[in-house]
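Please read them alongside the sequence and the coordinates.

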Amino acid sequence: MSSSAWDAYAVPGTPYFVHVVDGIVVGEGSGTAWTQVASMLTDALAERDLRENRLRVDAALQAAGIGAGHPSLHPVRSAGG
């Protein structure tokens, strides 16, 4: 790529990797060793799994009628505890 393309896409260094899943960028970065690239991919997959788990938990809570501000999410503590 030309220098202007590198600048336009704000690529911080080479080699630069982008991990795309279903058209969505889930991880990206520059790594000079395969261990760095593998670590970036591992982190991206872990973050994706956390997001997906959070969405499943939120959906289950909503299905049970528990949403933001529900009393069960904010238990009242006693004065001594």
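1. Arg54 and Asp58 join their side chains in a salt bridge, at 3.1 Å from N to O. The term is used for a side-chain nitrogen of Lys or Arg within 4 Å of a carboxyl oxygen of Asp or Glu. Both residues belong to helix α2, where Arg54 and Asp58 are four residues apart, about one turn of the helix. An α-helix has 3.6 residues a turn, so residues three or four places apart point the same way. Arg54 is exposed at 54% relative accessibility, while Asp58 is partly exposed at 29%. Here buried means under 20% relative accessible area, exposed means over 50%, and partly exposed is in between, with a 1.4 Å probe and protein chains only.

2. The model is predicted: local features need pLDDT of at least 70, side-chain atom pairs count only at pLDDT 80 or more, and totals for chains, interfaces and linings use all residues. Residues are numbered from 1 along each chain as its sequence is written, and side-chain values use heavy atoms, with hydrogens and water left out.

3. How many salt bridges does the rule give? The count is three. Arg48 takes part in a bridge to Asp49, with the closest N and O atoms 3.1 Å apart. Arg48 also bridges to Glu52, where the closest N and O atoms are 3.9 Å apart. Arg48 and Glu52 both sit in helix α2, four residues apart, about one turn of the helix.

4. On α2 itself: the helix has 30 residues and spans 43 Å from its first C-alpha to its last, close to the 44 Å expected at 1.5 Å a residue. The expected span is 1.5 Å times one less than the number of residues. Helices (H or I, at least four residues) and strands (E, at least two) are DSSP runs, numbered from the N terminus. After α2 comes Gly65, which has a positive phi near 80°.

5. Glu47 also lies in helix α2 and is partly exposed, with a relative accessible area of 44%. Its C-alpha is separated by 29 Å from that of Pro75, 28 residues away along the chain.

6. The aromatic count comes to one pair. The rings of Phe17 and Trp34 have centres 5.8 Å apart and planes at 50°, so the pair is tilted. Under the rule, rings of Phe, Tyr and Trp (its six-membered ring) pair if their centres lie within 6.5 Å; planes under 30 degrees apart are stacked, over 60 edge-to-face, and the rest tilted. Phe17 is in strand β1 (residues 16–21) and Trp34 in helix α2 (residues 34–63), so the pair ties together parts 17 residues apart in sequence. Phe17 is partly exposed, with a relative accessible area of 28%, whereas Trp34 is exposed at 66%.

7. Beyond its neighbours within four places in sequence, His19 is in contact (heavy atoms within 4.5 Å) with Ile24, Val25, Val26, Gly27, Leu41, Ala44 and Leu45.
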